[in-house]
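I wanted to get my bearings in a structure that was new to me, and I kept notes as I went. The entries below follow the order in which I looked things up.

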Amino acid sequence: MTDGEVIPSDIAVAVKTARSRLGRLAAPLVYLSTIGSTNDAAASLATEGAVVVAGLQTAGRGRRGREWFSPPSSGLYVSVVLAPGRASDPMRATTLLTLAAGVAIADGLAASAGLAVDLKWPNDVYVSGRKLAGILAEASRDIVVLGYGINLQLTAYPPELCDRVTSIEAERGSTVDRASVLVETLAALQHRYDDLLEGRFDAILDAWRRRAPSAVGARVSWTDASGPRSGLTAGIDDGGVLLVATDGGVARIVGGELDWS
Ligand code: BTN
């Protein structure tokens, strides 16, 4: 991996000030002004608690092989190395990690930017129907790299994204210091990671359900082996599986592409 650089002073000061709330996270903290993907840099560190922050990504990736637009300054690009396999219930902690991450990013955005965001299953972060942040969890041997990108400032998005994304600046009408967004999201993640490790799964599920209005009563469509299907969301079960009421009964969605209308 590229060696870490000197950590910009805004981030160094904010992390130092928040140290007691970050637990095992951000030890070490690596800053890279340019990297392909912070998820790859974090995977190569493979140390629980390691955090990689980049100024820009040249090959930022999203879920399902999509690109994550990662220009300089206007976004926060972060990856965290976690080890849900050492939880009291490793299987369930690993399964619910992605929902826990969504809750943490929502909590961190509320604390740093005063924004009330909606989560869309499993963990897309929306405000007023536009995507503000995305989360990508990638397992590698005994660790999981949890990467998140948050749109901080208005920028020249590619045309295909323009009417589908938003930023903290667009929603508030003013910018928020990136270091504050970083430490508040990390502090919230540390809190939810402890919930996972110590088996407080109901706290995560309850928090996720409160922030995900579209998990009940929204029309969704998807394609499976039997062809195109659609129905109304009917909540998540205790394993984080999305339930959808269809004409043929309740479908259980564990992953894959959903269209929301
Ligand atoms: C999605 O919504 O599709 C997930 C987007 C995840 C983007 C972040 S930015 C930091 C980390 N590095 C990456 O290459 N991707 C994640």
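What follows are my notes on the sheets, the helices and a few single residues.

**Ground rules**

I am working with a predicted model, in which local features need pLDDT of at least 70 and side-chain atom pairs count only at pLDDT 80 or more, whereas totals for chains, interfaces and linings use all residues. I number residues from 1 along each chain as its sequence is written, and the side-chain values use heavy atoms, with hydrogens and water left out. Helices (H or I, at least four residues) and strands (E, at least two) are DSSP runs, numbered from the N terminus.

**Entry 1: the seven-stranded sheet**

I began with the open sheet of seven strands, whose order is β1-β2-β3-β7-β6-β5-β4 and whose pairing is mixed; two strands pair if DSSP finds at least two bridges between them. I noted β1 and β4 as the edge strands, each of which pairs on one side only. From one strand to the next the twist averages 20°.

Within this sheet I looked up β6 and β7 (residues 143-151), which pair in the antiparallel sense over eight bridges. In that pairing Ala137 stands opposite Leu146 of β7.

**Entry 2: the five-stranded sheet**

I next traced an open sheet of five strands in the order β11-β10-β9-β8-β12, with antiparallel pairing. Here β11 (249-253) and β12 (259-260) stand at the edges with a single partner strand each, so one side of each has no neighbour in the sheet. I followed β9 (residues 227-236) to β10 (residues 242-246), and these antiparallel strands are joined by three bridges. Thr233 has Val244 of β10 as its bridge partner.

**Entry 3: one face of α1**

Which residues of α1 (residues 9-17) are buried? I found Ile11, Ala14 and Val15, where buried means under 20% relative accessible area, exposed over 50% and partly exposed in between (1.4 Å probe, protein chains only). Seen down the axis of α1, these buried residues fall within an arc of 95°, so they line one face of the helix; the arc is that of the directions from the helix axis to the C-beta atoms. The face turned away from the buried side carries the exposed residues Ser9, Val13, Lys16 and Thr17. What covers the buried residues of α1 includes α2 (19-22), β1 (29-35), β2 (51-57) and α6.

**Entry 4: α6 against α7**

I returned to α6 (residues 178-197), whose axis comes within 7 Å of that of α7 (residues 201-210), the two crossing at roughly 130°. The two helices are therefore oblique to each other (under 35 degrees counts as roughly parallel, over 145 as roughly antiparallel, 65 to 115 as roughly perpendicular and the rest as oblique). The contact, meaning heavy atoms within 4.5 Å, is made by Arg192, Asp195 and Leu196 of α6 with Phe201, Ala203, Ile204 and Ala207 of α7.

**Entry 5: Ala101**

I picked out Ala101, which has its place in helix α4 (residues 90-113) and is buried, with a relative accessible area of 1%. Apart from neighbours within four places in sequence, Ala101 is in contact with Ile135, Leu146 and Leu189. Ala101 and Asn123 are 22 residues apart in sequence and 7.3 Å apart in space, C-alpha to C-alpha.

**Entry 6: backbone exceptions**

Most residues other than glycine have a negative phi, and most peptide bonds are trans. I therefore noted the exceptions. A cis peptide bond joins Ala27 and Pro28, with omega about 10°, and Pro28 is in the loop between α2 and β1. Another cis peptide bond joins Trp121 and Pro122, with omega about 0°, and Pro122 lies in the loop between β4 (118-120) and β5 (124-127).

Ala26, not a glycine, has a positive phi of about 65°; Ala26 is in the loop between α2 and β1 and is buried at 6% relative accessible area. Ser128, also not a glycine, has a positive phi of about 50°; Ser128 lies in the loop between β5 and β6 (130-140) and counts as exposed at 63% relative accessibility.

Note on methods. Axes are lines fitted to C-alpha atoms, for helices over the stretch in contact, and angles run from 0 to 180 degrees between N-to-C directions.
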